[in-house]
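User: I would like to learn how to read strands and aromatic contacts in a model. Could you walk me through them?

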Amino acid sequence: MRTKWVIPKYIELKTFNDDSNGYLVNESCAFGAEVFVVKNTFKGECLSMIVDPIETIHTWKFDAISTKNQERYESDPFVGGAYKWRIVVYPNGSVEGKGTHISLFLQLQISSLPPDTKLFVRYVLRLNNQTNNRNNFEIEANRVFSSSSTCWGFQQFMPLAKLKHLENGFILNDTCIIEAECKVLGLIKS
């Protein structure tokens with residue numbers, strides 16, 4: 001994309017001026033350049049930051065947790081920044097967290113994303129402590145959501161032992177409260 005390239009330190013001046021090196025002969029030198037033209041295959045992208053982005057918080061009561069036997073569950077869709085999202089939970093973990101952690105993800109519904117657009121998003125996934133609101137457990141991240149990367153989150157969100165220990169307050173009356181807080185900070189167009 002540049003029209004000019006510069007090599008700031010091509011050769012040491014002492015080396016250039018030394019007659020024995022052959023660069024300067026009879027106070028003359030010759031410069032040359034070899035140019036190869038290659039078809040540009042770079043596809044540029046432009047990030048437009050959103051002024052005063054809207055923050056959305058979606059709360060999902062995930063009930064009857066002790067009877068959940070499917071690998072994966074999804075919340076109802078919710079709107080955040082004019083796009084549709086879902087919270088995805090694997091109660092017994094996925095991939096690296098399988099059997100040891102609860103896994104939580106934020107998923108963009110691809111149908112709400114215009115073609116050739118990516119979203120730069122700051123999000124927080126949270127398990128609410130139902131006995132002491134000050135001890136919620138959360139992880140925050142910034143990610144680019146696109147048609148090829150619609151789901152981001154954490155395979156090892158919280159150890160299952162910590163989640164299931166009733167004194168920790170994350171499960172109350174066989175229900176846990178999961179929140180997704182998201183803010184679309186910018187749009188990336190190709």
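Analyst: Happy to; we will take a strand and its partners, then the aromatic rings. Keep in mind that this is a predicted model.

User: Which strands does strand 7 pair with?

Analyst: Arg126 stands opposite Glu179 of strand 10. Strand 8 (residues 137-145) also pairs with strand 7 in the antiparallel sense, over 9 bridges. There, Leu127 has Phe137 as its bridge partner.

User: Now the rings. How many aromatic pairs does the structure hold?

Analyst: There are 8. To read a pair, look at the ring centres and the angle between planes; over 60 degrees counts as edge-to-face. Trp60 and Phe62 have centres 5.1 Å apart and planes at 65°, so they are edge-to-face. Both residues are buried. Trp85 and Phe145 are another edge-to-face pair, with 5.1 Å centre to centre and 90° between the planes. This pair links distant parts of the chain, as Trp85 in strand 5 and Phe145 in strand 8 are 60 residues apart.

User: Which residues form one aromatic cluster?

Analyst: Trp85, Tyr123, Phe137, Phe145, Phe154 and Phe157.

User: And where does the charged end of Lys68 sit?

Analyst: Over the ring of Phe62, 5.0 Å from its centre, and over the ring of Tyr73, 5.1 Å from its centre.

Definitions and conventions:
Residues are numbered from 1 along each chain as its sequence is written. This is a predicted model: local features need pLDDT of at least 70, side-chain atom pairs count only at pLDDT 80 or more; totals for chains, interfaces and linings use all residues. Side-chain values use heavy atoms; hydrogens and water are left out. Two strands pair if DSSP finds at least two bridges between them. Helices (H or I, at least four residues) and strands (E, at least two) are DSSP runs, numbered from the N terminus. Rings of Phe, Tyr and Trp (its six-membered ring) pair if their centres lie within 6.5 Å; planes under 30 degrees apart count as stacked, over 60 as edge-to-face and the rest as tilted. Buried means under 20% relative accessible area, exposed over 50%, partly exposed in between (1.4 Å probe, protein chains only). A charge sits over a ring if NZ of Lys or CZ of Arg is within 6 Å of the ring centre and within 35 degrees of the ring normal.
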